[in-house]
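Me: I would like to learn how to read a model like this one. Can we take it feature by feature?

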Amino acid sequence: DIEGEFAFGRLIITLLTSSYYFTTATSQTALPRRAFAFSTTVLSSIQQQTQNLHFYANEREREKRENSEKEKKMAELQFLDSTGIPFTREGLYATNNQFQKAGPKGFIQVKVLENDSLYIRVDLPGVPDDAVRHRVDSVRQKVIFFSGETPNDGNPKDGVREYSGSAGLGCDCCEITGVDAKMKDGVLRMIVSRVKVKNHESKCTLTLPPFTGNSGRCLEDHPFVVKGRKSPFVGAPVRNGGLYLAVDVPGVCPDDVEVLANEDEVRFHAEVKNVYEHDESARVFHGRLNLRGGSSSCPVPSLLTRTLGYDVQFGVLKIVIAPPPPPNDNTTTKSE
């Protein structure tokens, strides 16, 4: 505490000065002269320490101003998703995720299998494999409720997301008898067995919700997110000049993705290699994110001079770009 140091120094100066005047007035021996010399030495030392404290205080204030200015400039930076701009009349391949280029569309899919069971796929990116919950409606035995939440990894740019939703039968002739659920890489898959309680000849195909996979020009929010971000992408500067990006790629595991960076752009490609037996094809994601400054006073820093690390956690691709390293240090690494 600098103010405390100053107060302590002033107190010492006052005591030593008082001692000097007292000894000078009461005695003419060598003792007061030695006390005076000692007092002078201590006073000089205290003055020097006070000057040092002022210097360090000014240096700290200068560093704080520089860091504040740097953070202000970095706050003007933003990542523009050039992938999500629909250049064709059809628009985006999948309105649930602008980065998806192939594979099953929609946040959820419910379909009837050949053995009359239901297959339900739900995208819950970020939810760990053991953190999802599900239960069957105990009254009507027709609906499955599911929920889950993402862990808090301490990153303020991408907080906790909570999911809650339901799916199941849309008829009065059947009831659910069992659910075999599996959560992996941000995707909940359930095989739902059922039994008829009302006899009829036709095969029941009514399910909830109906098919939701669409193409179009407008991106949809995730309908099952009750807390946190609903979009599939977030990108923002972080403290000390670093950059953080998170992209939802449900179904993708760490070995399925590749990330590259050039001067002012980050590109990624992810393709699910192990297709689930009830999915018609593999999902493919491809993205191109451009770094742009908010004003002419904020130059775009080159990404080639920075260390880039990435990993896929529970169906979310997380990319961290470190602050500018020392010159000639240009590496791209995959996080363990």
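Reply: Start with a strand pair. Strand 12 and strand 13 run antiparallel, joined by five bridges. Keep in mind that this is a predicted model.

Me: What is the bridge partner of P237 in strand 13?

Reply: P237 pairs with L243.

Me: How many residues of strand 12 are buried?

Reply: First the general idea. In a regular strand, side chains alternate between the two faces of the sheet. Now the case here. Four of the five residues in strand 12 are buried, so the strand is mostly covered, buried being under 20% relative accessible area.

Me: Which side chain makes a polar contact with D248?

Reply: That of R161, at 2.9 Å. Look at the surroundings too. Leaving aside residues up to four places away in sequence, D248 touches N97, P125, R161, R229, S231, P232, F285, G315 and V316.

Me: How many aromatic pairs are there in the whole structure?

Reply: A search finds four. Take F99 and F233. Their ring centres are 6.0 Å apart and their planes stand at 75 degrees, so this pair is edge-to-face. It links distant parts of the chain, 134 residues apart. F99 is in the loop between strand 1 (78–81) and strand 2 (100–102), while F233 is in strand 12 (residues 233–237).

Me: Why are two numbers quoted for such a pair?

Reply: A pair of aromatic rings is described by the distance of the centres and the angle of the planes. Back to the case: both F99 and F233 are buried. Ring pairs also link F99 and F233 with F268 into a cluster.

Me: Which residue lies over the face of Y93?

Reply: K105 does, at 4.5 Å from the ring centre.

Me: Let us zoom out. How many helices and strands does the protein have?

Reply: Two helices and 19 strands. Of the 336 residues, 41% are buried. For contacts with a separation of 6 or more, 65% come from residues 24 or more positions apart. The protein exposes about 18,800 Å², and carbon and sulfur atoms supply 53% of that area.

Definitions and conventions: Residues are numbered from 1 along each chain as its sequence is written. This is a predicted model: local features need pLDDT of at least 70, side-chain atom pairs count only at pLDDT 80 or more; totals for chains, interfaces and linings use all residues. Side-chain values use heavy atoms; hydrogens and water are left out. Buried means under 20% relative accessible area, exposed over 50%, partly exposed in between (1.4 Å probe, protein chains only). Contact means heavy atoms within 4.5 Å. Accessible areas come from the Shrake-Rupley method with a 1.4 Å probe; for residues, only the protein chains shown count as cover. A polar contact is a pair of N or O atoms within 3.5 Å; within protein, one must be able to donate a hydrogen and the other to accept it, and residues adjacent in sequence count only if both atoms are side-chain atoms. Rings of Phe, Tyr and Trp (its six-membered ring) pair if their centres lie within 6.5 Å; planes under 30 degrees apart count as stacked, over 60 as edge-to-face and the rest as tilted. A charge sits over a ring if NZ of Lys or CZ of Arg is within 6 Å of the ring centre and within 35 degrees of the ring normal. Two strands pair if DSSP finds at least two bridges between them.
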